[in-house]
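Subject: Handover of the two-chain model

Hello,

Here is the structure you will be taking over. My notes on it follow below.

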Amino acid sequence: MNTQPIAVLGNYKDPNLLMTAANRIRESGYKDFDIYTPYPVHGLDKAMGVKRTILPYIAFGGGIFGLLNAISLIWWTGAVHYKLNIGGKPLFAFQFGIPVMFELTILLTAIATFLGLWFLCGLPKWYSPLQNDEGFKSAVDNTFVVSIMATDQRFSIEATKKLMTELGADDVRLIQE
Amino acid sequence: MTPIQLQGTPFISKLQKVALGAIVVGALGLAVAFATDSDHTRLLADYLIGFIYFAGIAVTAMFFSALQFLVKAGWSTSVRRIAENFAGFVPYLIIGMIPIYLFKGELFHWVHEVASDPIISGKAPFLNTTFFGIRLALYCGLWYYMYRFIVGNSKKQDTATDYSPTYKNLKRAAPFVVLYAFTITFASFDLLMSLEPHWYSTIFGVYFFAGNFVATLSLICIYMINLYKGGYLKNYVTLEHFHDIGKFMFAFTIFWTYIAFSQYFLIWYGNIPEETIYYVKRLQGGWELFGWGSIFLHFIVPFLMLLRQDVKRRLPVMMAGACLLLLAHFIDLCWIVLPVFSKTLIFGYQEITAWLFFFGLFTYIVAKQFASNNLIPVNDPYIKESIELVS
């Protein structure tokens with residue numbers, strides 16, 4: 001069976017070393033790399049050069065969609081389809097519409113944020129080639145794991161391994177599948 | 001860390017120039033209004049608006065300082081002194097209250113009708129001139145006491161060898177916040193809600209607080225921007241602090257809207273004449289321009305303006321947002337007070353010059369505070385946390 005290289009992994013124990021490594025990997029021109037940490041590390045996204053997410057726009061879009069939905073729902077049900085006089089109030093007024101508009105805006109914003117996050121993270125994901133690596137599993141415990149993916153344009157097994165070793169990673173290894 | 005003294009810097013002289021200019025223009029405008037209009041009620045109403053505007057900011061700035069102690073906030077330590085300098089206006093509030101008490105008959109019509117009007121005479125145990133005067137004096141006294149304690153200890157910490165002044169503040173901050181809540185609520189009942197003695201709204205105090213808090217944060221933001229651009233806050237205030245104050249402004253803009261709508265919504269739905277009269281007066285005769293305009297000035301525009309994350313780090317936008325919110329608070333106060341005295345829309349130079357007059361007085365006293373106090377609470381246990389802030 002032919003094996004394809006998937007990624008080069010390296011483990012770090014020291015967060016300062018990890019920060020330098022993230023900077024150096026970014027400066028070397030790698031784009032398709034990721035770092036797995038057991039807890040959020042401040043400043044790591046900056047060191048990795050992670051671009052700002054588009055999630056806020058998805059959330060805002062969801063909110064606007066919810067708002068328009070609420071307005072049309074209240075207007076159509078109350079003033080068009082089934083006119084009902086309640087306490088002499090107008091059939092449609094923004095005054096009594098606002099609680100519904102507010103709730104639906106919040107609801108759709110929350111749903112859009114949740115689903116948008118799943119979409120952007122590529123979830124649900126049932127299998128990852130990295131998941132069987134024993135060293136990778138320690139990323140949920142006490143180790144920072146750096147992965148440089150083979151899909152990166154600058155990837156070459158030898159050079160990437162060398163870079164990772166130079167940057168002080170333990171247990172530099174190639175994942176194949 | 002070396003303390004930063006502003007005495008003799010261009011910032012102080014600029015502030016004093018602005019203050020004196022505003023006082024002169026404001027006093028001239030007030031004099032013209034006094035001479036040209038034989039009925040001085042409107043002038044008194046404008047005085048009330050201007051006074052409440054800056055009294056509210058000063059007292060709320062004191063509350064802001066107490067709040068930072070209460071929650072042991074780290075981010076705000078390097079900007080807290082700005083709020084504490086605003087609170088320097090608090091000792092002078094008693095002077096501003098005197099004309100309100102003397103001309104209560106012109107401002108508050110319950111003063112004359114307490115015997116003849118059955119509704120108001122039912123409220124006589126609260127709405128009588130003796131108790132009214134006692135309450136006004138009590139607010140000023142309590143505010144002064146809280147100011148001396150909180151701000152005094154905060155300043156003492158600058159030269160103290162241990163952290164005992166901060167510990168004193170940490171202990172007192174909680175009861176002071178409660179005391180502030182009561183005083184600001186009842187002060188809003190006395191000074192604003194009793195302009196319409198038939199009407200009542202239990203949420204009015206919260207509404208007043210929300211408006212004040214937004215205005216205070218906006219003014220802090222404006223001072224921060226000016227000090228930051230002048231280079232006085234180097235190494236102490238970074239864009240992270242602007243981000244945090246921006247989040248605060250944004251959140252409390254929404255809070256104000258929430259409270260304002262809660263008040264309006266229940267009254268609109270209940271539709272009881274004694275409650276709706278407040279909005280009936282304020283949503284016709286041209287006043288609807290202020291009422292509906294507030295939705296844009298105080299909510300929609302600042303909301304969209306401050307929504308994005310990166311905007312809170314762009315100083316020109318923050319400056320514009322803060323100025324807009326300060327204007328919105330002024331419009332809001334005018335909308336509460338002026339319809340009592342005129343069925344149709346009145347808004348002229350008198351309102352603006354009365355505001356300018358108080359703006360000048362406030363700025364002059366604040367400039368003095370800036371000149372005499374350290375700009376940064378250098379000895380505060382949280383100052384290091386504040387400098388290293390990442391929001």
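How many residues of chain B are in contact with chain A? The count is 11 residues of chain B, touching 11 residues of chain A, where contact means heavy atoms within 4.5 Å.

Before the rest, a word on conventions. This is a predicted model, in which local features need pLDDT of at least 70, side-chain atom pairs count only at pLDDT 80 or more, and totals for chains, interfaces and linings use all residues. Residues are numbered from 1 along each chain as its sequence is written, chains are lettered from A and ligands numbered from 1 in the order in which they are written, and side-chain values use heavy atoms, with hydrogens and water left out.

The interface

Between them, chain B and chain A bury about 1,000 Å², and 69% of that is on carbon and sulfur atoms. Buried area here is the accessible area (1.4 Å probe) that two parts lose on being put together, summed over both. On the chain B side, B:Phe261, B:Trp268 and B:Tyr269 lose the most area to chain A, together 45% of what that side buries.

From chain A, one residue to look at is A:Phe96, in helix α4. A:Phe96 has a relative accessible area of 18%, so it counts as buried (buried is under 20% relative accessible area, exposed over 50%, partly exposed in between; 1.4 Å probe, protein chains only).

Chain B

Chain B has 16 helices and 0 strands. Helices (H or I, at least four residues) and strands (E, at least two) are DSSP runs, numbered from the N terminus. The radius of gyration of chain B is 21 Å, close to the 21 Å that the globule rule gives for 391 residues, so chain B is as compact as a globular protein of that length. That radius is taken over C-alpha atoms, and the globule rule is 2.2 Å times the number of residues to the power 0.38. The C-alpha atoms fill a box of roughly 65 × 45 × 40 Å along the principal axes.

Of the 391 residues in chain B, 56% are buried. Among its contacts between residues at least 6 apart in sequence, 82% join residues at least 24 apart. The accessible surface of chain B is about 16,000 Å², with 69% belonging to carbon and sulfur atoms (Shrake-Rupley method with a 1.4 Å probe; for residues, only the protein chains shown count as cover).

B:Ser116 sits in the loop between α6 (110-113) and α7 (118-122) and is exposed, at 59% relative accessible area. B:Asn271 is in the loop between α11 (239-270) and α12 (273-282), and its phi is near 60 degrees, a positive value in a residue other than glycine.

Chain A

Chain A has 6 helices and 4 strands, in the order β-α-β-α-α-α-α-β-α-β along the sequence. Its radius of gyration is 25 Å, whereas a compact globule of 177 residues would have one near 16 Å. The C-alpha trace spans about 80 × 40 × 30 Å along the principal axes. Of the 177 residues, 33% count as buried. The accessible surface of chain A is about 11,300 Å², of which 63% belongs to carbon and sulfur atoms.

Which residues does a cis peptide bond join in chain A? They are A:Leu123 and A:Pro124, with omega about -5 degrees. A:Pro124 lies in the loop between α4 (94-120) and α5 (134-137). A:Asp171, in strand β4 (residues 170-176), has a positive phi, near 55 degrees, and is not a glycine. At 47% relative accessibility, A:Asp171 is partly exposed. For context, most residues other than glycine have a negative phi, and most peptide bonds are trans.

Finally, A:Glu158 is in helix α6 (residues 157-166) and is exposed, with a relative accessible area of 60%. The C-alpha atoms of A:Glu158 and A:Leu174 are 9.8 Å apart, and the two are 16 residues apart along the chain.

Regards
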